[in-house]
Protein chains: 2
Amino acid sequence: MKLLQVDFPSQGPFGEAMAQAYKDLAEDIAQEKGLIWKIWTENKETQEAGGIYLFADEENAKRYLDKHSKRLEGFGVQGIRARIFDVNGPLSRIDKAPIQF
Amino acid sequence: MKLLQVDFPSQGPFGEAMAQAYKDLAEDIAQEKGLIWKIWTENKETQEAGGIYLFADEENAKRYLDKHSKRLEGFGVQGIRARIFDVNGPLSRIDKAPIQF
């Protein structure tokens, strides 16, 4: 498994308006090959948004990141920051992480 | 709920050695007030590590971040990057996020 962490400056929409605006995109993302889950993140005060994703493997995490970065750039987003991490299983288990290892 | 995203440069330990080195710390973190879970992240190739946390509220996320940043600095860590986000519930639900809303 790989964890993909993405964030970027955003002028919104946030909250319910964001949920409306990106409902179709979320449904599309749910079908991504190798995706286990995505948590959608947002901060209206700091004008940032992003996502935390769990993928089954690095190949799909990288493939999705490339695709999603191009999509965000198409939306006019600049300053995307992305990191791909391994998950430390034993430590995450101790801290009740919601992952099936 | 608030999601806390933290990462920083790390020269290790990684993997099993990391799990051994920070077992006691993980057990301590599991007792943090307001913590729902933590996912421990690491990347040996890029020499980075961090954590994704879900907290019950902003007050505890900020309190923990202040405490943990000082602890990391005590370990000699520099360049800590931290962000506190809201979770967009409807979009995260569509993407199977492991959160009880």
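Guide: Here is how the labels on this model come about, one question at a time.

Guide: First, some ground rules: this is a predicted model, where local features need pLDDT of at least 70, side-chain atom pairs count only at pLDDT 80 or more, and totals for chains, interfaces and linings use all residues. Residues are numbered from 1 along each chain as its sequence is written, while chains are lettered from A and ligands numbered from 1 in the order in which they are written.

Visitor: What makes E2 and E3 of chain B a pair of strands?

Guide: Strands here are DSSP runs of E with at least two residues, helices are runs of H or I with at least four, and both are numbered from the N terminus. Two strands pair if DSSP finds at least two bridges between them. E2(B), residues 35–43, and E3(B), residues 48–55, are joined by 8 bridges and run antiparallel, so they pass that test. One spot to look at is Asn43(B), which stands opposite Glu48(B).

Visitor: Which strands does E1(B) pair with?

Guide: E1(B) has 8 bridges to E3(B), antiparallel, and 5 bridges to E4(B), also antiparallel. On the E3(B) side, Pro9(B) has Glu48(B) as its bridge partner; on the E4(B) side, Leu4(B) is partnered by Ile84(B).

Visitor: How do you know that E2(A) and E4(B) pair across the two chains?

Guide: They have 2 bridges in the antiparallel sense, and the rule asks for at least two, so they count as a pair. Glu42(A) stands opposite Asp86(B) there.

Visitor: What is the order of strands in the closed barrel?

Guide: The 8 strands run E1(A)-E3(A)-E2(A)-E4(B)-E1(B)-E3(B)-E2(B)-E4(A), with antiparallel pairing. From one strand to the next, the twist averages 30°.

Visitor: And what lies across the strands in chain A?

Guide: Helix H3 of chain A, residues 58–74, lies across E1, E3 and E4 of chain A, at about 15° to E1(A). The angle is taken between N-to-C directions on a scale from 0 to 180 degrees, using axes fitted to C-alpha atoms, for helices over the stretch in contact. In chain B, H3 likewise lies across E1, E3 and E4, at about 15° to E1(B).

Visitor: Why are the two copies said to be related as by a two-fold axis?

Guide: Copies are superposed by least squares on the C-alpha atoms of residues with pLDDT of at least 70 in both. Chain B goes onto chain A with an RMSD of 0.0 Å, by a turn of 180° and a shift of 0.0 Å along the axis, and the copies are thus related as by a two-fold rotation axis. Pro98(B) comes closest to that axis among the residues of chain B, at 3.0 Å (C-alpha).

Visitor: How do you know that the copies meet through the same surface?

Guide: Contact means that C-beta atoms, placed from the backbone, lie within 7 Å. The contact takes 34 residues from chain B and 35 from chain A. E2(B) gives the most to the chain B side, with 7 residues. Since 100% of the interface residues of chain B are also interface residues in chain A, the copies meet through the same surface.

Conventions. Contact = placed C-beta atoms within 7 Å.
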